[in-house]
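This briefing concerns the packing of helices and the surroundings of the ligands. Please examine the sequence and the structure before reading on.

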Amino acid sequence: MSDTAPLGKVVVFGVGLIGGSFALALKAAGQAAEVVGFGRTLGSLTQALELGIVDRAGFNVGQEVSNADLVLIATPVGTTPEVMARIAPCLGSQTVVTDAGSTKEDVVEAARACFGERIGQFVPAHPIAGAENSGALAARPDLYRGKQVVLTPLAESSELSIARVRSAWEACGGEIRELAPAEHDRVFAAVSHLPHLLSFALVHDLARRDNRELLFAYAASGFRDFTRIAASHPEMWRDICLANQKALLEELDRYREQLDELRDALQRGDGASLEATFDVARTARREWAESKTRT
Ligand SMILES: NC(=O)c1ccc[n+]([C@@H]2O[C@H](COP(=O)([O-])OP(=O)(O)OC[C@H]3O[C@@H](n4cnc5c(N)ncnc54)[C@H](O)[C@@H]3O)[C@@H](O)[C@H]2O)c1
Ligand SMILES: O=C(O)C(=O)C[C@]1(C(=O)O)C=C[C@@H](O)C=C1
């Protein structure tokens, strides 16, 4: 098949929010003749079948992967090495593999270890779209519409593989961007992984207090906005934090310095300093929101 023609068989490992939404979007665009799903449990796959997200539940990896046009790995990033190890021995010469993991350096390392001379058939990707809800039930065909999808192609990724992955995400409504894996991980440590860690930390601290019921009873929209993402999947975020440990620790240290500055200003009763910090943040936040409504 050509690099941008509608796909024949698409195999999805991990038919949850991200894998399920990819399958639904490709089907809605008429870009996949058949979607076969692999899961960790039969329960989650049965649900994906009942919801019409996949056409079949896969049982034999070799049989399904060898003649697939595209394989998407959409499992927690900590499972990527094990999933790649299952796929690698059965990869057909025409099969292209991509992933949706929130981190890229670890995924690239696993791919290099597993795919050997077939590494050119792998194109790492990360859709910058999601939600705090997970599982097949949360999947939506429009999740990726108008959202950025970052590809981090390897020097070895073949032109055909890149074009096929690009075309699949575009069919889902995504807007393709490219970054090097290390740069990707530094960027998302700052704007995605750190915010999740902070949100989990705040809710965790409140939840273990004796007076949590009183606190939560009065928590309102500010709390709701700051903590929506603390309802995200613990296993997925455990894996992301560990996979991006170095960059995330750097961001955490910077944030602690920022908090220390604010704490010192507060202790001094230095309103001018607090206001100046809030003012810079407000302007940056408003400009960011404005730029997002323009695109
Ligand atoms: N949720 C988001 O906002 C978001 C956004 C972009 C990328 N991602 C990335 O996408 C991937 C999937 O996230 P999600 O939100 O769809 O999670 P999810 O929990 O909704 O789905 C993951 C699915 O993978 C299955 N699974 C786990 N281990 C497996 C294995 N070894 N083999 C086969 N299936 C397995 C689970 O049963 C589940 O159905 C993660 O790598 C995550 O980092 C998530
Ligand atoms: O909207 C959310 O709930 C998300 O957390 C989505 C979000 C993000 O941080 O923006 C989370 C992880 C991804 O890898 C990409 C997107």
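Helix α4 passes helix α5 in a right-handed crossing; a crossing is left-handed if the near helix is turned anticlockwise from the far one by less than a right angle, and right-handed if clockwise. The model is a predicted one, in which local features need pLDDT of at least 70 and side-chain atom pairs count only at pLDDT 80 or more, while totals for chains, interfaces and linings use all residues. Residues are numbered from 1 along each chain as its sequence is written, and chains are lettered from A and ligands numbered from 1 in the order in which they are written.

**Helix packing**

- Two packed helices are described by the angle between their axes and the distance between the axes.
- The axes of α4 and α5 (residues 105-115) come within 9 Å and cross at roughly 25°; axes are lines fitted to C-alpha atoms, for helices over the stretch in contact, and angles run from 0 to 180 degrees between N-to-C directions.
- α4 is therefore roughly parallel to α5 (under 35 degrees is roughly parallel, over 145 roughly antiparallel, 65 to 115 roughly perpendicular and the rest oblique).
- Helices α7 (residues 181-207) and α11 (residues 245-268) have axes that come within 9 Å and cross at roughly 60°, and α7 and α11 are therefore oblique to each other.
- The crossing of α7 and α11 is right-handed.
- Helices (H or I, at least four residues) and strands (E, at least two) are DSSP runs, numbered from the N terminus.

**Shell around ligand 1**

- Ligand 1 is surrounded by 31 residues, the closest being G14, G16, I18, G130 and S134 (a residue is near if its C-beta atom, placed from the backbone, lies within 6 Å).
- Two or more residues of this shell come from each of α1 (17-28), α4 (80-87), β7 (125-127) and α10 (234-243).
- α1 gives the most, with 3 residues.
- The shell around ligand 1 comprises 14 nonpolar, 15 polar and 2 charged residues; Ala, Val, Leu, Ile, Met, Phe, Trp, Tyr, Cys and Pro count as nonpolar, Asp, Glu, Lys and Arg as charged, and the others, Gly among them, as polar.
- Domain 1 (7-178) and domain 2 (183-294) each supply at least three residues to the shell around ligand 1; the domain bounds come from an automatic or database assignment.

**Shell around ligand 2**

- The residues around ligand 2 are S102, I128, G130, A131, E132, S192, I229 and S232.
- This shell divides into 3 nonpolar, 4 polar and 1 charged residues.
- Ligand 2 lies between domain 1 and domain 2, because both give residues to its shell.
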